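Please open the model in your viewer and keep the selection tool at hand. The stops below take you from one selection to the next.

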Amino acid sequence: MEKGSTDPSALVLEIMRMSTEDGPGLRTTMFLKGCSLSCRWCQNPESISAKPEVRWIGNRCLGCRECLSACPVSALSCEEGITVRRNLCTGCGSCAEECPASALEVWGRRMTVEEAFKELMKDRAYFGTDGGVTLSGGEATLQAPFVKALFTRLAKEGVHTALDTCGACSTEQLETSCEQADLILYDLKESDEDLHRRYTGGSLKLVVDHFKTVVSLVRSSRLHRQVWPDQREKRLWVRTPVIPGMTARRDNIQGIARIILEHGEGLVDRWELCAFNNLCRDKYRRLGKAWELEEADLLPAEEMDALVQAAVEAGADADLVHWSGMTRNIKE
Amino acid sequence: MNHQDEGKTATLKKPTNLSDRLRRLRDYYFKGVDRPWNNQHISFTTGTPWDMQYNELSYYIVPETYAFFQTFCSSFAQIAETVSLPQGFWDMSLHERRAWFNREVMVNYLPQEILPGDLIAGGRFNMHTSACLTEAEQKARNRRLYGKKGLRKETIAFHNHGYGNVGPTSGHLIPDYAAILEKGFSAVLKDLQARYDALPPKEKAGRPGSRLRAMIIAALMPVEVAGRYREEALRLAGEESDGKRKAELENLAEILTRIPEFGARTFHEAVQSLWLTHMCVMADENYPGAGLSFGNIDRYLLPYWEASISEGMDREEGKEILKCFWIHANTAYDSMIQVGNQGITAGFGQLFNLSGLGPGGKDMTNQLTWVFLEVIDEMSPILEPKPNVRLHRNSPDDLLDKVVEMISSSQGAPFLLNFDERSMAGMLREAKTAGVEAFIHPDNVHDYASVGCLENTMVGNDRSGTVDCNLNLLKAVELVLGNGKSLVPFTDTITGITEKSTRESPATGDPKAFRSFEDFWRAYEVQTRFIIRKITGLYDRGEETRKTYHPTPYLSTLVRGCAEKALDITEGGPELNFVTVEGVTFATTVDSLLAVKYLVYDNAFCTLEELIDALKNNWQGYETLQARAKNKAPKYGRDDDTADALASKVMALWAEEVWNYTTCTGRRFRPGMLSWNYWVSDGFILPASPDGRPKDQFLSNAICPSNGADTAGPTANANSVGKALGGRGVGGDYLDYFNLLPNGASHTMSFNPSLIKKPGNREKFKAFLRGYAENGGTALQVNMLDPEVLKDAQQHPADYRHLLVRVTGYNAYFTAIGKELQDEVIARISHEKV
């Protein structure tokens, strides 16, 4: 928020158009940079830091070394490929600007609400009645004034809005972000307090408390609608990342099922179990980070089916639970 | 890896629900050269020593054939069967001679066969018939083609220098078939006779009389051909021991007694009449189905379908008739069957449209639309006829469901999608620009249809000569950089001789002296005007030759305006007279201009002189600059308003310039964008371009962004295309839609199969199509390709004989296209999101 509250800005990681995965219909998903958790399976490690970051894509590099002299703080070196000294790099982007091959790119650019709005509206024609815009992260609620202002602007144009959140933020941030959201995609990842902290670095209690907050926002939106029929109604989906050796446990899924049953008040419309994949391993390499799941295999479809079954056995509505994502074919 | 509910590997689509009859007919068709008879081109001569059968003019737009012209001309002459001529033959006008000759061959020389089980008659039509020229005419014609500045030489030079290709080819129109189905040729003959009788004696003895007499002779051809097939049907019925088949043959004979002489009453009569009428056009033009299209077939066949259904025809019985029609349409491919499957270079495209907008914005989907969709689904994969489904903003949901289901169950859309609002905007703009509002106006524009692949025209009165002129817009950039000369002189690959570099176009100034991009742009404008003048001028010479020596009187009976004006269609007879200049290499051109601006003027990464040097050296030694051009310069196709603004400027410049030219036959030139396969082959001719493309790499296809440039996804790609055509706004050509290209523009997009095959995603793909109707172009080919299948097909072509791919809205058997194009198709399996 550099320009004050009238036109808040946010650090935007990426805008993905024609997304089929972040809510109903065709959507444009905007990923904001900066996250309050650091999940060990994170698919978008570049979204965790709240600062711009430079990445180097080796197979594009020509080896011309133009970047070395472009860097004002000498953060780059070239031995076997380009190394970014992250302690020096300010994310200014001079190297990326200079690189003729787009081998250096900056993750994160600042956009105002108006700039973001203009970009997101480009696909208005494809949203139809159920598609729209999803704000994801990182953790979008950390930039709550931007989220609220952008959603307000989009809602005025009749665009469906969805917020993807893990709930690890202040209650005020959460409520501000949800105010103009038509759909909340809420992450429940782990039902054991200790494991939750170990896997994500955050508190389960906070996440569950905020789940209740969201449920109550959804409930009141529906009550309001009975009085003011033109009021928009909020919907709630839950998403659970299913990670081999971590969250892919029967007891975890059943634990989350119980959280949904106990606190969801029947207001959750969909619960999606998202199967792990390791396609993001290159991102870790480009960030110069090691990743413990680099070699982890895809889950077999049968295991995903079994977890859905476990959820149903714990009382979840069978029509509610789905799984998505890539799986391994056991025969291979 | 697999996806939920998705098979492990994509399986090839197979025909379904085929009766024994259809299975036999289909298998028989795919036997190819092993069939006892086929529809290969054979030739017939008047027997004069100067006679000519193979008309190379029709093939000037097919550069692959240039090297074979001499062979074709002499081999068809050698094998030609002599037709005995009647007394007084040479006293008739050329038009009458030609009409008589074609009729004689079709009725009395080409054998008439009916296949076992077939419900439709009409087998052979591929022929090269004598031009019927006198010695003096033949000599005069040959002087036009083979002199020092002859058309053949000029056409080949035009192509060799990277301008494109040009020539008056056949087909590419929609005859007034509906009128024949309704009233038959008896009505045509009556009309022609009345017009002839009404002529003043002087005109009767002169040109108008000769044209009408020729048309009268020609209009007898299909009626007499039907008579021959009737005799054959009766002969076979007499020999038939199976009672059911005997009855079928007798019924066929009965049908052939009535049509196409008189109007059809039943669905079977209508389909049979349509086939015979259509088949005779291919005979008349000596050209098999090149873009000879059927139009809005589910509209004009509907009354016959309804009549037959109400009289007890079983729905499947009706489909069976259509499926036989399908097999017949494919026999056009027999043309050069011994040379092999022609794949993408084949000049066919018997297109039909389904659904679409009707009067008052009404959707025209009807029960027959569904029948056709089922037949397509059950017959595919098969090449002909080619379906094109017309969509619009209010297309019914169940139609979209079916379309998406068919796309997902096949290797891609088994049809092209045409988008009505944008297409109709182009037709109305044409009406206004050319002053033909009497024939195209808001109350009839919904009657438009597509020919060939996607080229929009009116129906039954319009030969817009689509694909006759194919212009590489990029040549103008090269001429700016060379100050009126080619950048790299042409070297003949056969002789190895390099031409001297000579001035080809106006000098637009030494590029070194350009101080700004505006200077560059002004030079580009001059060169663009030059290449348009050049292609239209060369076309007109071919047009004049065709008009003088190659009439098609039978086709003229099927196009409104010809009888009225007593002019052959080749003389400008139709009510609507246009020739389309198809702009090729659009995105490569736009991206090249963007790169010049970015590299030279905005960022001074190099001087224009250095850039020219880089291009002359095919980027060798300029790799960093090339990388900047490729990766950093803005590109069309990303929904980037600044880049797309230049695209619009390029479009407006060339599209508006084209309208300034008219042929000697009164045909106004109009713009369109269809690249056929030229964007592949001409990439080996045009030198390196400023967008970073080296020589020998493909150019951009039709209105598509350059390969790999559309990094912002399919919606951004579609939005850019819509903007380039003119976008939407106040004062639109149709509603608020603008469209600078009345012909339309080919747009191909490849999607990862998981996008559409995943359960729940079909609604999302429908949303994409609805959005495309709002923001996109005129025509979309959706490819859904699995790279693994294609790679395997490259290795084991024998196992994938039926694997169809679609490029430029043009279907081809994958294993029959060249390796480069195969690789290109594989590389295009883009828009993958995991």
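A nonpolar core is a set of buried Ala, Val, Leu, Ile, Met, Phe, Trp, Tyr and Cys residues joined through side-chain atoms within 4.5 Å, where buried means under 20% relative accessible area, computed with a 1.4 Å probe on protein chains only. This is a predicted model, in which local features need pLDDT of at least 70, side-chain atom pairs count only at pLDDT 80 or more, and totals for chains, interfaces and linings use all residues. Residues are numbered from 1 along each chain as its sequence is written, chains are lettered from A in the order in which they are written, and side-chain values use heavy atoms, without hydrogens and water.

Select B:L301, B:F586, B:F768 and B:L769, the residues with the most contacts inside the largest nonpolar core, which has 238 residues. The element that gives the most to this core is α8(B), with 15 residues.

Now return to B:F768 and show what surrounds it: leaving aside neighbours within four places in sequence, B:F768 is in contact (heavy atoms within 4.5 Å) with residues including A:M18, A:L26, A:Y126 and B:P714.

Finally, look at the two chains together, where 34 residues of chain A are in contact with 35 residues of chain B. Among the 3 salt bridges counted between chain A and chain B, each a side-chain nitrogen of Lys or Arg within 4 Å of a carboxyl oxygen of Asp or Glu, select A:E66 and B:R628, whose closest N and O atoms are 3.2 Å apart.

Technical notes. Buried < 20%, exposed > 50% of the residue type's maximum accessible area, 1.4 Å probe, protein only. Helix = DSSP H or I, 4+ residues; strand = E, 2+ residues; numbered from the N terminus.
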